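Student: Could you take me through one part of this model up close? Pick a spot and follow it wherever it leads.

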Amino acid sequence: MTTLAEQLPTFGQYLLNRYGERVHKIALDTAFTCPNRDGTKGLGGCTFCNNVSFSPNGRRPKPISEQLQAGREVIRKRTGANKYLAYFQAYTNTYDSLDRLAERYDEALAEQDVIGLSIGTRPDCVPDGVLELLSGYKTQGYEIWLELGLQSAFDETLEQVNRGHGFAEYQDAVLRARSRGIKVCTHLIAGLPGETSQHNRESLRRVTALGTDGLKLHPLHVVKGTRLANSWRNGEYTPLTMNDYIQIAADLVEQAPDNIVWHRLTGTASETILLTPAWCAFKWQVLNGIARELQRRRQSCRNVA
């Protein structure tokens, strides 16, 4: 079987080609919050959001230097990589004063083996000052990615999941970031309530039309402590099957421009909080399924030709 890395441009391959060696991301939690939780935009966050799903240590994170050291120890044993991107992942990592943001970013970049930043945030939390700060790091030669959690390009879906912003905010953030030469990675979710594969294809069309540099895709999974969990228990939400997700992912890979860098094609939560679908926990089964489906489709096209 041909692997995904052999069939499409992955983020790992992009970094390998750019730096001549393996570069890995180390996820960080620096205790930022979110305007959809602190009352600025809303309370309770998105209907599917439980911070534990991407921040197992809760809201008392260790110092950045300790988190980086723990991450590099795991990665070096697994792959032997010696260069890293500091991935500010948990919650909204541009939602604070510029001074505090710069302090946290600088602390990560002070590590000699950290060659850049990947900043996860919301499209409505990217003021010009933040973009100027990131642009400054880029000018210094650091690898800089702005990761925007859009999830869907449909405002009615974003409202239903209590996202607190619409597509217009995403469009504005992307255009301002790209005007400064900052690379953008867009996050999309398949299986959102009320959406079909057609919605996923249209969301991809809209974000690629704006010129996003990278994409992250994952299935919507239901975790404990969320409003989505209540909807699922009440029979109001049915998650995708693994085959449905594989078909959607393959559709989007085929639809995406060739220069798009795929940062992720699946995702899950800790087994301690994941409720459903259970198949989300089997990352390599999902990725291998996508690889097989893409290979099957291409072979079918060759046979027809």
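Tutor: Let's start at Gly 20, which sits just after helix H2 and takes a positive phi of about 75° in this predicted model. Now step back into H2 itself, residues 11-19: Phe 11, Tyr 14 and Leu 15 are buried there. They share one side of H2, because they cover an arc of only 95° around its axis.

Seven strands make up an open sheet, with parallel pairing, in the order E1-E2-E3-E4-E5-E6-E8. E1 and E8 are at the edges with a single partner strand each, so one side of each has no neighbour in the sheet. From one strand to the next, the twist averages 25°.

Zoom in on E4 and E5: they run parallel and are joined by six bridges.

Helix H8 lies across E4, E5 and E6, running at about 170° to E5. Look inside H8 for Asn 200, which counts as buried because its relative accessibility is 5%, and the cut-off for buried is under 20%. Its contacts beyond its close sequence neighbours include Ile 189, Ala 190, Ile 248 and Leu 252. Ala 190 is 10 residues away from Asn 200 along the chain, yet their C-alpha atoms are separated by 6.5 Å.

How values were computed. Residues are numbered from 1 along each chain as its sequence is written. This is a predicted model: local features need pLDDT of at least 70, side-chain atom pairs count only at pLDDT 80 or more; totals for chains, interfaces and linings use all residues. Side-chain values use heavy atoms; hydrogens and water are left out. Buried means under 20% relative accessible area, exposed over 50%, partly exposed in between (1.4 Å probe, protein chains only). Helices (H or I, at least four residues) and strands (E, at least two) are DSSP runs, numbered from the N terminus. The arc is that of the directions from the helix axis to the C-beta atoms. Contact means heavy atoms within 4.5 Å. Two strands pair if DSSP finds at least two bridges between them. Axes are lines fitted to C-alpha atoms, for helices over the stretch in contact, and angles run from 0 to 180 degrees between N-to-C directions. Lists of a residue's contacts leave out its neighbours within four places in sequence.
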